[in-house]
Structure formats: structure tokens, C-alpha cells
Amino acid sequence: MSKTTTNKDKINEILTRGVGEFIDPEGIFRKKLETSPEKIVIKFGVDPTRPDIHLGHAVVFRKLRQLQDIGCKVVFLIGDYTGQIGDPTGKSKVRPELEQTEIENNMKTFTDQVGKILNTKNKNLFSWIRNSDWFTAITDIIAPVGQKLEWVSPSKIKISNINANSSFGKLLIFEKTRMQINEAKKKELLVITLRSFLWSLKHITHSRLIERDMFKNRIKNGEELYLHEMMYPVLQGIDSFAISHIYGSCDIEVGGTDQTFNMLMGRDIMKMNKKEPQAVLAFKLLEGTDGKEKMSKSLDNYIGITDEPIDMYGKIMSIPDSSIGNYFELCTFTTLKEVENIRKGVINGSIHPKEAKMDLAKQVVSIYHGEKEAKQAQDNWEKTFSKKEIPENVLEIKANKEDLLVDVLLKNKIVESKTDFRRLIDNGAITNMETEIKVASHTDRVVSGTYRIGKKRFCKINIK
RNA sequence: GCGUCGGUGGCAGAGUGGUCAAUUGCAUUUGACUGUAAAUCAAACGGCUUCGGCCUACGUAGGUUCGAAUCCUACCCGGCGCACCA
């Protein structure tokens with residue numbers, strides 16, 4: 001097989017696996033990907049408030065990694081400015097300096113996590129920028145009261161004691177905090193003013209906006225539709241234009257299928273600004289461990305990529321059978337052909353769903369923690385749940401022998417409250433695994449040993 | 001701005017003076033069955049308790065009453081309708 005064919009296969013896989021929609025009408029993106037991938041800039045929008053990454057996000061990141069591997073550059077777009085508008089409190093003030101450090105800290109933990117999947121070190125392959133960089137107006141800047149600045153001109157002339165909230169002070173802060181100058185080394189600033197914003201709006205019709213399903217449904221149900229919500233797709237589109245301007249191009253935007261409309265809006269806005277419109281790659285959404293809703297932190301049905309191997313393994317084992325196929329497709333490297341076989345096998349009964357899930361869990365844990373850890377997690381899982389033995393790595397707790405069991409468990413946050421503890425006792429949910437005796441009284445003193453609380457909670461109590 | 005309806009436990013949503021820690025559904029927890037799956041069945045689901053009770057909760061603050069989620073007053077927030085608009 002020649003090199004080009006291998007690449008074509010790879011590219012095909014990238015553009016189809018787990019993909020809900022791929023929009024590239026003129027085939028420009030595909031062609032560029034085949035001929036000069038190192039010139040490609042990929043935009044990915046990141047919510048600044050959500051630093052914990054789960055397998056659902058990982059689907060996209062893994063895809064981005066594959067694109068990096070053939071030379072594409074990934075740009076994270078932090079929607080900090082647009083995030084503030086959506087913020088219901090509406091009280092957050094723009095304090096660029098504070099925010100800059102805060103966001104940089106967030107991004108640090110974020111890139112640390114993402115770094116498990118993506119290459120976030122190589123500047124040719126990775127960069128990030130926040131959209132407040134071009135949306136913030138100088139007058140938006142509010143410095144802490146009384147803050148003073150000093151300015152040194154190119155000819156070494158010093159001006160001290162500048163009131164940070166004066167126009168000049170704001171200008172200095174503005175200039176100093178623009179990432180497009182500091183990071184992307186642009187000489188001229190791109191700033192979206194009301195004028196340029198309205199100019200963009202001039203090209204977008206009402207009917208174009210309400211094509212969006214979500215908007216349509218709201219209108220149909222007689223629900224409210226606020227103007228700022230309608231502006232979101234426009235702002236997101238302007239982001240694409242901005243990235244194109246700052247990084248030279250913005251060839252494709254990736255996101256979940258729920259973002260398709262917004263991402264398409266970027267094409268319109270780029271066209272009207274005489275930029276090459278981005279392609280759009282929308283991913284199927286991964287369902288959570290409940291198998292119903294999409295994976296999200298707020299629904300508590302997520303599997304974090306930094307979850308301990310044992311937890312990760314266990315959570316995957318608890319997904320419903322109907323999700324096995326999707327998880328294989330979206331979370332592993334198993335070939336699509338093989339995934340199809342597994343899907344069919346599980347349905348017609350030739351593959352035991354439990355076996356399929358164990359394979360799945362092991363593969364996923366391997367990706368994030370390595371094969372050795374995955375093997376251990378599997379052994380531990382089998383030992384604990386198939387053979388009902390005491391698991392490894394149980395939380396160990398020290399206690400005094402006159403302590404009550406309730407207090408020990410409560411102190412270590414294993415039970416929520418004393419009442420919670422009573423309920424568990426009444427239901428026979430707490431067992432000493434060594435003596436195999438169920439704890440029957442609310443007022444028992446601690447006995448050393450390993451306890452099982454319900455199905456999933458374990459702890460080992462050592463008496464001092 | 002005027003009118004009107006409403007704000008209840010994680011969510012949805014009953015309750016309109018005492019029997020209300022508050023019907024019900026979803027979610028959650030536990031037990032049974034299993035493959036720690038789903039489905040199903042059973043139970044629990046504010047906190048503390050010497051198991052008698054006690055304390056805290058129905059937007060916020062007051063008031064009426066022996067007694068308030070329920071009535072009154074003010075305020076805050078939201079939906080809907082009407083009007084107005086540089």
C-alpha cells in the first residue's frame with residue numbers, strides 16, 4: 001500500500017467515524033487535508049466554566065489528535081466573552097488582568113487534562129485564544145479601584161501613576177492583555193465594534209436565523225426567544241472569522257451535532273468577510289452511563305477521563321447494553337467493521353454483552369491509563385463483583401476503638417448523615433466483609449475490618 | 001407603566017387555615033433477581049433523637065391567628081396580556 005492510500009484511508013476514517021455530519025460542499029477541506037494538512041487550522045469552541053473532561057468531550061479530542069498527527073493545528077476558542085452574556089447573574093465585570101490569570105489557570109488544568117489526548121505542547125499544533133480578545137471594548141475594562149499603572153514609551157520615557165481607570169490607563173491594560181499581540185504576534189488588532197457587528201447583522205436575515213430547530217420549536221411552543229440567544233450563532237460565526245484573521249485561516253470547526261447550526265453560521269459570516277468559509281464536522285453525541293441523556297456533568301452520568309482506572313472501569317461496566325456499540329465507535333480504536341460485528345453479536349446473542357463490555361472497559365481504561373492499569377482494574381473488578389471478594393485499594397480509615405461506627409463513616413463522608421446511616425442499617429446495606437455479618441444496630445462501636453456499604457462503597461477501618 | 005397569573009423539597013408538579021416533613025411522577029439510595037446491564041418487584045428518600053418526640057423548611061421580610069405552604073401587607077423575581085417609547 002502506498003503512503004497516499006494509507007493517508008486517504010486514515011482521512012476517510014477521521015471524517016466518518018462517530019461523525020453526525022460533515023459539511024464541506026466544495027470539497028476544499030478534504031483536498032487541503034490530503035495535500036497540505038500542515039496549513040490547516042481547526043477551531044474548537046471551549047466553555048470556560050467546565051474544566052472537567054469526560055469521555056463525551058474526549059470523542060472530539062481524540063479526533064483532533066488524529067488531525068494533529070497528520071500535521072493540523074488545533075485552536076481552542078475560549079468563549080469567555082459570550083459566556084458572560086449567557087451568565088444569568090450578568091454581574092461579572094470585565095477585569096482583564098485578573099481574568100487573564102484566572103483563565104490561564106483554568107486553561108492550565110484544562111490543557112493538563114486534554115494533554116492526555118492532545119498534543120498541547122507543540123505551538124505548531126496547538127494554540128488557544130479567548131474571544132474577549134476581539135469583543136472587549138476599551139470601555140468594558142474596569143480596573144480595581146485605585147490601581148495605578150506605569151508606562152514606558154519606546155524611547156524609555158516613563159510616565160508613572162496613571163489611573164488605571166482613565167482612558168489612557170484602560171488603553172494600556174487593553175494593549176497589554178491582547179492575546180493576538182502577545183501570543184499570535186499580530187501587529188494590528190482585530191476588535192469587533194458595534195459598527196462592524198451591525199455590518200455583519202446586515203447580511204443575516206431573520207428567516208435564516210429561525211431555521212435553527214431550537215428556535216423553531218420555541219416559537220412553535222409559544223415560548224420566549226430572547227434576542228441575545230439569537231445573536232449567539234452570529235457571535236460564534238464572528239469568532240471563526242477572527243480566528244481566520246489571526247491565525248491565517250480557519251479551515252474547519254468541530255463540535256457536537258447540537259452545534260451544527262452555529263457552526264454553519266460561521267460559514268456565512270466568513271464569506272461576507274471575504275474569508276474562505278470553514279468546513280464543519282459535527283459529532284454524534286455520546287450518551288451517558290444512563291444510556292439515555294447525553295453525557296454531562298450536570299446530569300451526573302459522566303465518565304471523567306481523569307477518573308481512577310477502577311472507577312472508570314466500573315462506570316463503563318454499568319452502561320446499558322444498548323450503548324455498547326456507540327461506546328465502541330466513539331471511545332475506542334476498534335475498527336468500524338469490528339464494531340459492527342459487536343453490535344450485531346450483542347443483538348443476536350452470539351456475543352455475551354458482559355464480555356463485550358469488559359473488552360470495552362479494558363480498552364478505554366488502556367487509552368487513558370495504560371494497559372497495565374487496565375488489566376489491574378479488570379482483575380479487581382472481577383474479584384470484587386464476580387467473586388464478591390474484598391477489592392484492592394480500598395479507602396483506609398483509622399479509628400479509636402471507643403468510636404461509634406456511625407461517627408467514623410460520617411466523618412469520612414461515606415454516609416451523608418446519621419439518618420442516612422440508620423436507613424442503610426435498616427435496609428441491611430452495611431456488611432463487615434471479613435466476618436460476613438451485617439451491621440444491625442445504629443449504635444455499634446467500630447470493629448476493624450473491611451466494610452461494604454451498598455454495592456459500590458467500600459472502606460477498611462483500622463483500630464488504632 | 002397598567003392588568004393578570006404565578007414563585008413549594010435535585011427537577012416537574014399537587015396542596016389554598018390544623019390530620020403537612022408536605023399527594024404524585026422523574027431522578028437518587030437500598031434490598032431481591034442478575035451480567036455491579038436493562039426491565040421488573042419491594043422499601044427508603046430534610047436533620048437530630050434516650051424512638052416519646054424535637055428542630056429546620058413551601059421566593060424575602062413582617063403581620064393576623066391557639067395554629068399558616070395555605071389569610072393580610074410590603075418587597076424581590078418570573079410568565080402572559082395591554083399600553084408606551086428617546
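How far apart should the ends of helix α13 (residues 260–272) be at 1.5 Å a residue, and how far apart are they? The 13 residues of α13 should span 18 Å, and the end C-alpha atoms lie 19 Å apart, which agrees. The expected span is 1.5 Å times one less than the number of residues.

The model is predicted: local features need pLDDT of at least 70, side-chain atom pairs count only at pLDDT 80 or more, and totals for chains, interfaces and linings use all residues. Residues are numbered from 1 along each chain as its sequence is written, while chains are lettered from A and ligands numbered from 1 in the order in which they are written.

**Figure 1. Overview of chain A.**
Chain A has 20 helices and 13 strands. Helices (H or I, at least four residues) and strands (E, at least two) are DSSP runs, numbered from the N terminus. The C-alpha trace spans about 80 × 65 × 50 Å along its principal axes. Of the 464 residues, 31% are buried. Buried means that 20 or more other C-beta atoms lie within 10 Å of a residue's own; exposed means 12 or fewer, and partly exposed is in between, with C-beta atoms placed from the backbone. Among contacts with a separation of 6 or more, 67% join residues 24 or more positions apart. A contact requires C-beta atoms, placed from the backbone, within 7 Å.

**Figure 2. Helix α13 and its surroundings.**
Nine names make up the buried list of α13: Thr-260, Asn-262, Met-263, Leu-264, Met-265, Gly-266, Arg-267, Ile-269 and Met-270. These buried residues pack against strands β1 (19–23), β7 (252–256) and β8 (279–283), and against helices α9 (194–201) and α12 (227–247). Just after α13, Lys-274 takes a positive phi of about 60°.

**Figure 3. The six-stranded sheet.**
This open sheet runs in the order β1-β8-β7-β2-β3-β4, with mixed pairing. Its edge strands are β1 and β4 (126–130), each pairing on one side only. Neighbouring strands are turned by 20° against each other on average, direction ignored. Two strands pair if DSSP finds at least two bridges between them. Helix α3 (residues 55–69) lies across β2, β3, β7 and β8 and runs at about 160° to β2. Axes are lines fitted to C-alpha atoms, for helices over the stretch in contact, and angles run from 0 to 180 degrees between N-to-C directions.

**Figure 4. Strand β2 between its partners.**
Five of the six residues of β2 (residues 41–46) are buried, so the strand is largely enclosed by the rest of the structure. β2 pairs with β3 (residues 73–78) in the parallel sense over six bridges. Three bridges join β2 to β7, also in parallel. Lys-43 stands opposite Val-75 in β3 and opposite Glu-253 in β7. Phe-44 has Val-254 of β7 as its bridge partner. In a regular strand the side chains alternate between the two faces of the sheet.

**Figure 5. Helices α15 and α16.**
The axes of α15 (residues 324–331) and α16 come within 9 Å and cross at roughly 170°. That makes α15 roughly antiparallel to α16. Angles over 145 degrees count as roughly antiparallel, under 35 as roughly parallel, 65 to 115 as roughly perpendicular and the rest as oblique. Ile-324, Gly-325, Phe-328 and Glu-329 of α15 meet Val-339, Ile-342, Arg-343 and Val-346 of α16. By class, this contact has five nonpolar, one polar and two charged residues. Ala, Val, Leu, Ile, Met, Phe, Trp, Tyr, Cys and Pro count as nonpolar; Asp, Glu, Lys and Arg as charged; the others, Gly among them, as polar. Helix α16 (residues 336–348) has 13 residues and reaches 18 Å from its first C-alpha to its last, close to the 18 Å expected. Gly-349 follows α16, with a positive phi near 90°.

**Figure 6. Leu-209 in helix α10.**
Leu-209 lies in α10 (residues 206–209). This residue counts as partly exposed because it has 18 C-beta neighbours inside 10 Å. Leaving aside neighbours within four places in sequence, Leu-209 is in contact with Ile-204, Phe-215, Met-230 and Pro-233. Arg-65 is 144 residues away in sequence and 33 Å away in space, C-alpha to C-alpha.

**Figure 7. The β5–β6 hairpin.**
Strands β5 (residues 148–152) and β6 (residues 158–163) run antiparallel, joined by four bridges. Trp-151 has Ile-159 of β6 as its bridge partner. Five residues lie between the strands of the hairpin, where Lys-156 takes a positive phi near 65°.

Key: Two residues are in contact if their C-beta atoms, placed from the backbone, lie within 7 Å.
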